[in-house]
Amino acid sequence: MKHLISPSFLSANFGQLNMDIEMVNASQADWFHLDIMDGVFVPNISFGMPIIKQIKSKATKPLDVHLMIVDPDRYITAFKDAGADILTVHYEACTHLHRTIQVIKSLGMKAGVALNPHTPVSVLEEIIGELDMVLIMSVNPGFGGQRFIETSYSKIRKLKELVVSQQSNTIIQVDGGVNNTNAAKLLDAGTNCLVAGNFVFKSEDPTKTIEWLKIL
Ligand code: DX5
Ligand code: ZN
């Protein structure tokens, strides 16, 4: 499978959101990565349902929604209704992760689990077969434009081993600090989906930057 590109709208220009949506629609990107932050799980607040619905009304590609919120079970149906196609919850925010994943899937969405930089891949051993995607955080979640954590490569390789050993189709997504110095190495390590915020939206030509990431 050719790797996927999911530009993070946290770095988009919200004053001209429609233009950025159209840009991604017309680009070689595969998904829209939407970062939802509650100011509790992470020290930042981003955006919520009205923005997701606005993006959904214009997007021609799936919405890849990354929840950085406590107790995500309270909002799974609301995110489905807002237009999420892939819903990713944080391992660190879920007491009954298995149940949460079943609920996401029962509503017809793909289910992902995100791991903070300090959380080992091994915590997913018993559940990997149920997961459509695992998101490896390569920065501490909360902000765009942070520096990539180099130990992420070994986590990706460990996750790849786990996925292969259990013959699972789980997508390996990497999120945080992705740029031209690490993207190729991340793909070599086993990444299937690159999220990029600043590297795409702050570049001179975001469409070309997406193309560059896609043809790697
Ligand atoms: C961080 C978010 C990321 C972020 C990535 O908490 O989950 O998706 O927007 O932004 P960059 O690519 O700029 O690190
Ligand atoms: Zn994200």
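Guide: The questions below concern a ligand, its surroundings and a salt bridge. This is a predicted model, in which local features need pLDDT of at least 70 and side-chain atom pairs count only at pLDDT 80 or more, while totals for chains, interfaces and linings use all residues. Residues are numbered from 1 along each chain as its sequence is written, chains are lettered from A and ligands numbered from 1 in the order in which they are written, and side-chain values use heavy atoms, with hydrogens and water left out.

Visitor: What makes the approach of Gly 177 to ligand 1 a polar contact?

Guide: A polar contact is a pair of N or O atoms within 3.5 Å; within protein, one must be able to donate a hydrogen and the other to accept it, and residues adjacent in sequence count only if both atoms are side-chain atoms. A polar backbone atom of Gly 177 is 2.8 Å from an oxygen atom of ligand 1, so the pair meets the cut-off. An oxygen atom of ligand 1 also has a polar side-chain atom of His 66 at 3.2 Å, and for a side-chain N or O atom of His 33 the value is 3.4 Å.

Visitor: How much of ligand 1 does the protein cover?

Guide: Of the 380 Å² of accessible area that ligand 1 has on its own, the protein covers 99% (Shrake-Rupley method, 1.4 Å probe; for residues, only the protein chains shown count as cover).

Visitor: Why is the pair of Asp 85 and Lys 56 called a salt bridge?

Guide: The term requires a side-chain nitrogen of Lys or Arg within 4 Å of a carboxyl oxygen of Asp or Glu. The side chains of Asp 85 and Lys 56 are 2.8 Å apart, N to O, so the pair qualifies. The structure holds 5 salt bridges.
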